[in-house]
Amino acid sequence: MGPAASQPGTNWHLRENGREHHTSKFSGKELVVRRGQAFIVTFDGTEQPEQNLTFITETGPRPSKLNRTQATFGVSSTVSKDSWSAVLQSTSSNSVSISISSPPNAVIGRYKLSVQSGSSSPTSLGTFVLLFNPWSSGDDVFMPNKAECEEYVLEEFGIIFAGNKNYISSFGWNFGQFQGDILDICLSMLDRSLSHRQDPVTDVSHRNDPKYVGRVLSAMVNANDDRGVVLGNWSGNYDDGKSPSSWTGSGEILQSWKKSGFRPVRYGQCWVFAAVLTTALRCLGIPTRTITNFSSAHDADGNLRVDEFYDASGNHLDRAGDSIWNFHVWNESWFSRSDLGPSYSGWQILDATPQEQSEGIYQCGPASRTAIKEGDVELDYDCPFVFAEVNADCMYWNYDTATGKKTLIFSQSTTIGQSISTKAVGRDDRIDVTNDYKYEEGSKKERDVFKKARKKLGLEDKFDPTAPTPREIEQKPDISGKFKVAGPLQVGKDLNLILVLENLQSDVKTVHVNMTAWSTVYTRRPVREIWKDSMSVTLSPQEEKQFPINIQYTEYQQQLTTDNTIQVTALCHVEGGIQVLVQRDITLDNPTVDIQVLGEAKVNREVDVEVIFTNPIDTEVSNCVLQVEGSDLLRGILEIDIPPLKAGEQSSTKFKITPFETGPKHLLVNFSCDKFANIKTFKMINVVD
């Protein structure tokens, strides 16, 4: 059911209702209200006494009282707590004003409202949209802290954290949940889901439940199974679409999906799926935020262990379903879990990135964050997968490609799930929520929870032929190694590292070292080889030696992916001892762009903005494009082509914006050229009257 034009003679009191229901940021002409709260509507007619009026609300196909998708109710003197009700506000000679209330567990979506007078046939008053209500204590999504409601439902700007555990970076995102027809598109997502296609009547009747809506949307945001919104691509080649790192907001993605006749938008990676899901859930009134987990495990076979394989030359082999991502972004949504019990209410994990199937389709969650922390992995939904993302043990193996034999190099139980991050409420800062996901790494409590989870998954009692033997795990290496950074980590500059090797024993050791550097995507999937070298080293007893490594910009420039990530590996074959793997994931920084607002930003007044970029390398850069967006600052996306820049040359680009709302707003800028992909920055602009 699309939005119907309001019937002539119906006044929906858009401003007043919008203010009361925290929906005034929706820009359409249709009334948008929240459940469990009264709204006012005025309509023509007083021929009949008010007592004879009957109201009918209906949503979805074949609405019925049984499915709670239809309600019929007369005028009463008080509001009913658990059903639809109408209370007379006032009458005049030719119109009636009524206050209509919905129950706090009503089905959300687009409703038709009709009125019937006496025994005459019903008259349509038009349509309105009903949403979840985090401001109402009776709602499953009730959030007592008002500042959190503002951030997690009403805020259109977000910050997403990326990079790696050694170096956390961030970029802005325009969720844009109140833009133009985003609400309609979010309702279309529900209507295009597999559950709706299979049984539309039952599907709509479940839309009172945030668990259900969250799970359905986690499937619909990815294109797998249901031709959902975004198609994932982790290959490093995005020529037949837009690179995942080129997007700066959800609006463009959702609009493209609708305009193309609902064909999946190319391409997304984890933060794109998470950001689009944030937009959809905030739009429908479920408090939601993005979460970034660093060193995130993708445990494909459900054994709470991630296996990585390296050949004798030190090349990271892409042969296992398991992987450890530099970072992974998912969502948390806030609602109660009546199915599990009150202690599991609060933040729930949802993940729209298509990694593993759940009940046969690519969807994930809601998994209670409390259940993850306590190791209660048997609880709905998808807790084992999420538990592994933050807790799995890592095994690093040497794999002989000729014989298929694998030898354990070493195992680690503290690398996975670090610096779990989200944006602070009301500030552009990072807060760390790792302690909400697990007890302190290395503590007895944390190991006890891990054992409890293994036991619940039946992994304790089952012989696992792929697991390393206790003897393999207990082997102690003769040497230790690490890569130290010696110089700036910037695209356009040489990469300088130092390999530090130390002999831990009291006799001389001879070590053969095979080194490689590969460009990767952020999931640490190797894409192109950049460099390799080998050497033999003699280490005296307890001696530490340093070996400088220089990888020139000209060597890596053509090989780099848009993630600017390089994995450097040294596989050390110690004569008479076990192998030692030294590795480091490096994220190179792009150069910066600078935004200046020239003058005070006033509502409905033009203001000049200047963006400055300096080419830091000694060759020309071309195909330069600037992309600008920002909710309440400009409509749509501004694209500006910039002439080529010679070595060291600075470009200054000026454009005008006309803000149309007051308050703190964020302008997002994305600069790209042939040598640098997607340099992002944002600026907070305070718009005054």
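Tutor: Keep in mind that this is a predicted model. Start with E32, residues 607-614, which is antiparallel to E35 over 8 bridges.

Student: How do you know that E32 and E35 count as paired?

Tutor: Pairing takes at least two bridges between two strands. E32 and E35 have 8 bridges, so they pair. One example is Ile-612, whose bridge partner in E35 is Ser-652.

Student: Which sheet holds E35, and in what order do its strands come?

Tutor: An open sheet of 3 strands, ordered E31-E32-E35, with antiparallel pairing. On average, neighbouring strands there are turned by 20° against each other, direction ignored.

Student: What makes E31 and E35 edge strands?

Tutor: Each pairs on one side only. E31 spans 593-598 and E35 spans 650-657.

Student: Which residues of E10 point which way?

Tutor: Phe-157, Ile-159, Phe-161 and Gly-163 point one way. Gly-158, Ile-160, Ala-162 and Asn-164 point the other way. Residues of both sets are buried.

Student: How do you know that E10 pairs with E11?

Tutor: Use the cut-off of at least two bridges again. E10 and E11 (residues 167-174) are joined by 8 bridges, so they pair, and they run antiparallel. Phe-161 has Ser-170 of E11 as its bridge partner.

Conventions. Residues are numbered from 1 along each chain as its sequence is written. This is a predicted model: local features need pLDDT of at least 70, side-chain atom pairs count only at pLDDT 80 or more; totals for chains, interfaces and linings use all residues. Side-chain values use heavy atoms; hydrogens and water are left out. Helices (H or I, at least four residues) and strands (E, at least two) are DSSP runs, numbered from the N terminus. Axes are lines fitted to C-alpha atoms, for helices over the stretch in contact, and angles run from 0 to 180 degrees between N-to-C directions. Buried means under 20% relative accessible area, exposed over 50%, partly exposed in between (1.4 Å probe, protein chains only).
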